[in-house]
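Hi,

Here's the structure I promised to pass on to you.

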Amino acid sequence: MSTSQRLPLKGVRVIDFSQVQFGPMATQILADFGAEVIKVERPAVGDISRSIDVKSEGIEDSAMFLALNRNKRSISLDMKEPGALPIVHRMLEGADVIVSNYRAGVAERMGLGFEELHKKFPRLIYASGTGFGEDGPLTELGGQDMALQAFSGATWHNRATDGRPAIYPIPFIDFGAGMALVQGILLALIERGVSGQGQRVDVSLLDTAMFEQMQEYTAWMMRRFEVHWERDNLVGSFKTSDGWVTIVGLFRPDPLRAICTALGTEDLTARNEFSTAELQQENREQLWHILDEKISEFSTEEAIQRLGKSGVICGPVQDFDQVLQNPQVLHNDIVRSLPHATLGEVRVIDNPIRLSGVRKDTYQAAPLLGEHTEEVLGEFGYSPDEITAFVSNGVAVQA
């Protein structure tokens with residue numbers, strides 16, 4: 001198949017009011033595949049993620065912002081100024097999608113509520129990310145990944161042996177919700193091709209968090225059984241002579257026997273205390289002690305090779321530098337180096353979607369705050385004098 005240079009979303013225009021992780025991750029995926037994403041930011045501070053990187057030296061070198069906002073253009077508008085809303089409405093005349101993640105009622109107060117915009121721009125797809133949903137008793141609460149981990153049961157499910165709940169150290173709910181928001185937008189674009197009408201797309205962190213635990217919730221509702229993939233199976237991380245290896249004793253009837261064969265040790269399933277999967281879990285601490293001692297005799301590479309030959313699923317526990325240097329990661333070309341206006345170059349992680357008929361050769365680093373204000377306003381028909389007036393009046397800000 002010949003490779004096309006045409007990205008599948010080329011010609012789709014997105015006006016992006018979203019901030020932090022959930023919305024920007026979604027709009028970055030759209031931008032990666034050709035959508036024109038115009039990011040509308042507040043003057044001076046911009047997207048909140050520009051200031052939450054504790055190691056940054058300013059709003060332009062936040063790793064959090066750089067990771068989630070490539071291939072976008074930034075326009076800085078003060079939405080508190082009366083002259084800003086007409087500018088947004090002019091942009092929406094030629095837009096396909098608007099994306100936001102405001103708290104309940106904020107968009108309406110700004111003049112950007114769904115009902116109002118749908119009447120004026122009936123083909124516009126209105127995508128909103130919320131914490132708890134567009135209506136209901138908790139809509140006014142602010143939603144954030146770690147808080148929703150707690151609210152949705154994920155933190156309880158991740159409790160330590162002493163009962164203390166633990167937060168997962170990656171924002172998996174935000175990113176899952178961002179992927180779901182992309183899917184909703186694409187579905188709405190397809191449906192609009194039939195009906196000619198835009199619609200609202202709503203994805204909440206709460207619904208996403210429960211969706212990501214669908215197996216656990218189904219088992220709980222059916223049997224009051226708490227599924228725990230590590231605790232309930234022969235799954236764990238073990239120290240090697242030079243690191244750690246994670247063993248996943250799933251998807252075969254005799255994982256412990258296979259592990260023993262791989263390690264060249266006695267068949268522990270011959271012992272009464274380890275003869276069944278149930279007894280192995282009941283005597284888990286004793287079993288883990290034996291496996292720890294045996295596996296520590298091997299290097300990580302040796303353990304991986306031995307276990308792999310016996311059909312045991314396993315993997316080395318790698319730190320970030322080891323992952324970045326891994327030959328498969330290098331082969332997959334998941335790390336992109338992008339030229340940046342002030343930093344020279346930034347390295348970011350690409351999205352995982354690969355289309356055989358599409359090449360994503362040209363990427364742009366995340367924009368400076370208001371970097372494209374004059375450029376975008378000019379494209380929407382404002383004269384240089386009008387743009388100068390907007391900047392002078394504080395309605396718009398140019399980097």
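Predicted model: local features only at pLDDT ≥ 70, side-chain atom pairs only at ≥ 80, totals over all residues.

Let's start with a pair of strands: S5 and S6 run parallel to each other and are joined by five bridges.

Seven strands make up an open sheet with mixed pairing, and their order is S6-S5-S4-S1-S2-S3-S12.

H8 lies across S4, S5 and S6, and runs at about 165° to S6. Helix H3 (residues 84-93) lies across strand S1 (13-16), S2, strand S3 (72-77) and strand S4 (97-100), with an angle of about 150° to S3.

There's also a hairpin to find. Strand S10 (residues 335-340) and strand S11 (residues 344-349) are antiparallel, with six bridges between them. Three residues make the link from S10 to S11, and His-340 stands opposite Gly-344 in S11.

On to the pockets. How much space lies in the largest pocket? About 1200 Å³. Its lining has 31 residues, and those nearest the centre are Ala-63, Ala-67, Phe-175, Val-348 and Ile-349. Helix H1 (22-32), helix H2 (63-68), helix H8 (172-195), helix H15 (320-325) and S11 each give at least two residues to that lining, so you'll meet H8 and S11 again here. H2 supplies the largest share, five residues. Sorted by class, the lining of the largest pocket has 21 nonpolar, four polar and six charged residues.

The second largest pocket holds about 1000 Å³ of space. Here 42 residues form the lining, with Gln-19, Val-20, Ile-48, Asn-101 and Tyr-102 closest to the centre. Strand S2 (36-41), helix H4 (106-110), strand S5 (125-130) and helix H6 (145-151) each contribute two or more residues to the lining of the second largest pocket. By class, that lining splits into 22 nonpolar, 12 polar and eight charged residues.

Note on methods
Residues numbered from 1 in each chain as written. Heavy atoms only, no water. Pairing = 2+ DSSP bridges. Helix = DSSP H or I, 4+ residues; strand = E, 2+ residues; numbered from the N terminus. 1 Å grid on protein atoms, 1.4 Å probe; cavity = no way out; pocket = protein on both sides within 12 Å on 5 of 7 lines; lining within 4 Å. Points joined across faces, edges and corners; volume = space filled by probe spheres on them. Nonpolar A, V, L, I, M, F, W, Y, C, P; charged D, E, K, R; others polar. Contact = heavy atoms within 4.5 Å. Axes fitted to C-alpha atoms, helices over the stretch in contact; angles between N-to-C directions.
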